[in-house]
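I opened this entry to look up how two chains meet. The notes are in the order in which I checked things.

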There are 2 protein chains.
Amino acid sequence: MAARVSVSAPPKEGEVTTGPIYRSNKHYDEVAFSNDFGEANLRIPVRRINLTDGTHFDAYDTSGIYTEENPELNLKEGLAKTRDSWPKASAVPAVAGSEEAPKVKTQLAWARAGIVTPEMAFIAARENVDPEVVREEVAAGRAVIPANHKHPETEPMIIGKRFATKINANIGNSAVTSSISEEVEKMVWATRWGADTIMDLSTGKDIHETREWILRNSPVPVGTVPIYQALEKVKGDPAKLTWEIYRETIIEQCEQGVDYMTVHAGVLLRYVPLAANRVTGIVSRGGSIMAAWCLAHHQESFLYTRFAELCDILAQYDVTFSLGDGLRPGSIADANDEAQLAELRTLGELTRIAKSRGCQVMIEGPGHVPMHKIADNVKWEEEWCEEAPFYTLGPLATDIAPGYDHITSAIGAAIIAQAGTAMLCYVTPKEHLGLPNRDDVKVGVITYKISAHAADLAKGLPRAQERDDALSKARFEFRWHDQFALALDPDTALDYHDETLPAEPAKTAHFCSMCGPKFCSMRISKDVQDYAKEHGLDSVEAIEAGMAEKSQEFADQGGRVYLPITAE
Amino acid sequence: MAARVSVSAPPKEGEVTTGPIYRSNKHYDEVAFSNDFGEANLRIPVRRINLTDGTHFDAYDTSGIYTEENPELNLKEGLAKTRDSWPKASAVPAVAGSEEAPKVKTQLAWARAGIVTPEMAFIAARENVDPEVVREEVAAGRAVIPANHKHPETEPMIIGKRFATKINANIGNSAVTSSISEEVEKMVWATRWGADTIMDLSTGKDIHETREWILRNSPVPVGTVPIYQALEKVKGDPAKLTWEIYRETIIEQCEQGVDYMTVHAGVLLRYVPLAANRVTGIVSRGGSIMAAWCLAHHQESFLYTRFAELCDILAQYDVTFSLGDGLRPGSIADANDEAQLAELRTLGELTRIAKSRGCQVMIEGPGHVPMHKIADNVKWEEEWCEEAPFYTLGPLATDIAPGYDHITSAIGAAIIAQAGTAMLCYVTPKEHLGLPNRDDVKVGVITYKISAHAADLAKGLPRAQERDDALSKARFEFRWHDQFALALDPDTALDYHDETLPAEPAKTAHFCSMCGPKFCSMRISKDVQDYAKEHGLDSVEAIEAGMAEKSQEFADQGGRVYLPITAE
C-alpha cells in the first residue's frame, strides 16, 4: 500500500486517503509530561482550521498522521509506536487499598492507585480538563481508556459521560464482499471524518491479517467481537464452540493489540425463551450465537462460567470489556422488554467482577427504542452497572425507514447521549440492507458526529458551543470559506453551494442561491443593524424615546397612528 | 404539461411524476356523509401496500391521484374540484354563543357552533378518530383545517397535536434558479413521499402564475408568505411597502385559493434592537423585511396595526393564519432569547384577536435550538398562544453541519414534535447553501416523515406502531419485498439491497450482504426458536426444569458445571 494525496475520488486498490481537510492543517500541541516513572513529550493532535481573518479554530482530531500535508507512510510497517516510549507505571493491585487483589497494569488500577499515566495526561489535554478529572473518572469506572499495551500506535482517548461524546464506526469485511485494503482505507476514511474508535467486525476469510493491517495503521482504538473469529474456527456451528477455542482466539487478538472486545457474557440460558415471542427475536449476532450454544448444551455459556478467567486475560493487556447486549431489541415492539432488562442486570453483575479484577468495562446498549423509552435505558444502565460508560447502537427511533437508518438512529443517538451515553456506535444508510461502502461510512460518521455534538451542546460541555458560534458568526458575515471550513464536512458544504453558484466571487457574495440577493434575510438584517446604528435606534431605550416623541407629535395633530390591537 | 408513468428518472420539462409506489395501489375508502346542510360521498385516499402473504397494509396517503395506476391528468385544468360538491354550512357567528360577533364561514366558527363539516368527517376517517374529536379540537383552537373555500381541489387534512404529526415541504423558485413546471413537479414529488402541506415561497418572476399552477394541481393545502410577493411589487425596497399593497396581495392570493399564510405581525419596532447583538441577527426573510420597515418608518408595521382588518379578509375565505416568527433564532447562540420570546408573547395577543374574528391560527416556531432548550418552546407556545397548533422549522440541534441540516434538524424536529408540535417544516440538505433540487426535496420529506413518525410513536398515537410492527415482522421473516414496500422509501431500500445482491432469489434469501449467510443473527435466531420448540425448551419454566435436572445429575456425580460467578 502507498500514500496518495487527493480526496476527490476513492483511492486506488492498495492506497489510502491522505492530506489535510479543507483549509485546515494538522497541528500538534506539545505537552511536557512526567510522573514517578519517567517523562515524555506528548504531542496532542488538533485540526487547525484557518479562518479568513487570520485567526484559527482548533478542533478535536482523530485522523492521525493521514491528514498531515505530506505524511510519511509505510502501511506495511504501520504507524510509529509512540506509546512504547512513554513511561509505564509498574503493576499495582487491581483494587485500591486491597492487599490480596492481583497486581495488574491497567488504567483502572493505576487510576485507583492515584497514578496519572501519560495516557491520562494526553486525554486531559485533548479534552481540555485537568488530568486529575480524567484519573478520577477512570478510577470510579465511569470512564474507560481503551489502550492495549500491544497497540502503541494509538493516540489515547477516553469514553465517559463527563467528556465529549464519542462515536464508533464499524468496518470489516463479510463473506459476501470487500477486501483487506478496502477495510484499511475505511478505517483511515472513518477517522478522517471523526470516528473515535473503530470496530473490525470482519467475518470472512483473512480475518487475522485484515485485523493486523487495521491495527498497525490505526491512530484510534480498535474493538472486535472475538466470537466471530471463534465461530470461523468451528466452521460456523455455534454448538461446536468451546472455551478453549474462544480463549485461544481472545489471546490471539490481545496479542495483536485489540483495544476493546465485545463479550456477550450476559446471554443466560433462562433468558433465551424470553426472546422467543418477540417480533424480531435476537438480532445481535453474538447474542444469537451464544443463545444457540446455551440451548444446544443446555448450560450457561463459557463466557459466563469462565468470566473471571476471561477478566484475568484481558487485564494482562489492559483490554477493555465492552459487555455486549446480545438480547438488545431489534424493533420498536421489543424495546425495554424482559429479555433486554434481564440481560442488563446480569451485565451489572459481570461489571462488578471485571472491575474487581482490574478490568475496564463499558456496557453496550440498544438497538431500536421509541423516543419515550430511551432515557430509562440510561437510568437502568447507570443504576445496575455502577455507571460504567454506556455504548449504544443508535438507537433507532422507528423501524419504518430502511435506507435512512443513519437518520432514524441519529435521533435516538442524540437523545440517549444527552441522557448520559458516552459512546455512540454509528449506523449507516445501508443498515438492514447491505454492507456500507466508502460513502456510507462517511455519511454514518458525519451523522453521528452531529448526534454526539448536539448532545454535548445540550449537556453544556465547555467548548462545545464555541464551534457553533464560530460557524454561525462566519455565516452571518458571509464568510463562506470559513463556514465551509468550520463544517463537519467542508467538502459536501462546498459542493452543495457550488451546484448553483460555482464562481469564486459567490464565496464572498452577501447572498446565496436559496433566496437570491434581494431576499437574503441576513443581508437585510445586516442592513437593518447598520441603519439602526446610523440613526441611533440601536437600543430599546432609543426606540421608545423615539416612539414617545412621534406618538406625541401625532396626538398633538389629533392624528392616530397606532390602531389599538385588542380582542374586540 | 402531460402525465408520465415512470419514476426512475426526473420527468421531462412540462411533465410530472405519476404511477403507484412500489407494490402499492391507490385505494379509496368510501364514507357516506350527511349533516343539516346536505350529504356527500367522501372518498378517503389510502396507499394500500400489498404484502406477499396476500394481506395488505393501508397507509395515510397525501399523494392525490398522481399515484393512481393511470391517473386522468390535465395539468392546465387542474384536479377535480371535489369539495365544491360537498354541502357548505351557512355563516355562523365567529364566536359561539356571541350575538354581536361577525358571521363567518370558517371551520373554527362551524366547529364552535357544533357543526361537523364534510372536511371534519373526511379528516376523522383519515385519522381514524371520531368526527366529534376533530370538531372539538378545531373548536378549541388546538387544531386547524387549512382549507380555503377557493381551493376545492384539496383532500382535507388537520394540523393539531392530538393527530398524526404533519410535515410541510417548502418549494418555490427564486431569482436565481428553477422554472414553473419544475415547481409543480416538486409539489407532486413532495406529496408523493408524504408532504402534508406545501409552501410556495417563490420570490422570482411569474410568482402569480407559478402559484396558480401549483394550487390547481395540489391535493394538499398550500401556504405562502404574502410579503414576498408584496415586496416584488415595490421592487424589493421594504420601506416602500404599504398596507394597501399588502392588502391587494393578500386578496389576490386568497382569491387564488391559498390555504394558509405566514404573517409576521409580531415583529414590533421595540423588538428590533433586541436582535441587534445576536450572533445571527434576524434570519427570517419576512422578519427582516418587517424590521426594516419598522425602523424606516419608526412605527409599528401595518401587519400589526391593521391586524383586525387582515383577520376579516382571511375569515371570508377561511384562510388559516400561520403567525410567523420573524425573530426566530438562526443559531444555537440565539436560541430562546429575549427577542424570540417577546415576539412569541405578541403572537399570543394576535392569536386571541384572530380567533375572536373566527380565524384559524397556527404559530410558527424556531429555527436553531439546542436539545435541552427545545421543550420550553412548546411549553411557552401553548401557554401564551392558547395551545394553537405549533408549526416549527426543525429546529436544528447544532449549527456545525451545513450539508446535513436535514439531519441536524430531524433531531430537533422529532423532539419538538414529541413535546406537542403539530406540524414540522422540513429542512433539506441544501439549507444555508442553495436551493433544493428534486433529490433534496425527497430526502427532506422522507427525513421529516421519520421525525414525525418517531414522535407519533413516542406520543403513543393509536396505529402509529402498526407499521413498525408490520415492517419488523417482515424483516424477521425475510420477506424482503414486504420490508421494502412498508418502508417510507421503498425505492431507496430496494436500490441499497440490490447494490450487493441484485439477483431476485436474494429477495427471499434468509440473509443479506451485511453479515452473509453464516452470520445472520436473524437466521440463527429463527433456528434457535425452532430448536427450542422442537426440544420443548420454549419457556422459562421448561428451561428451569431442564436445568434443575441437569444440575442435580451433575451434583449426584460429584461434578460441578456452573462455576460460581461472584465478585471474589
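My notes on the interface and the symmetry follow. I am working from a predicted model, in which local features need pLDDT of at least 70, side-chain atom pairs count only at pLDDT 80 or more, and totals for chains, interfaces and linings use all residues. Residues are numbered from 1 along each chain as its sequence is written, chains are lettered from A and ligands numbered from 1 in the order in which they are written, and side-chain values use heavy atoms, with hydrogens and water left out.

**Interface**

I looked up contacts (heavy atoms within 4.5 Å) and found 139 residues of chain A touching 140 residues of chain B. The buried area between the two chains is about 11,400 Å², with 70% from carbon and sulfur atoms; this is the accessible area (1.4 Å probe) that two parts lose on being put together, summed over both.

I then counted two salt bridges between chain A and chain B, each a side-chain nitrogen of Lys or Arg within 4 Å of a carboxyl oxygen of Asp or Glu. One of them joins A:Lys430 to B:Glu499 at 2.7 Å, N to O.

**Symmetry**

I superposed the copies by least squares on the C-alpha atoms of residues with pLDDT of at least 70 in both. A rotation of 180° with 0.0 Å of shift along its axis puts chain A on chain B, RMSD 0.0 Å. I therefore note the relation of a two-fold axis. Both copies use the same surface, as 100% of the contact residues of chain A recur in chain B. Which residue of chain A comes closest to the rotation axis? I found A:Ile411, with its C-alpha at 2.4 Å.
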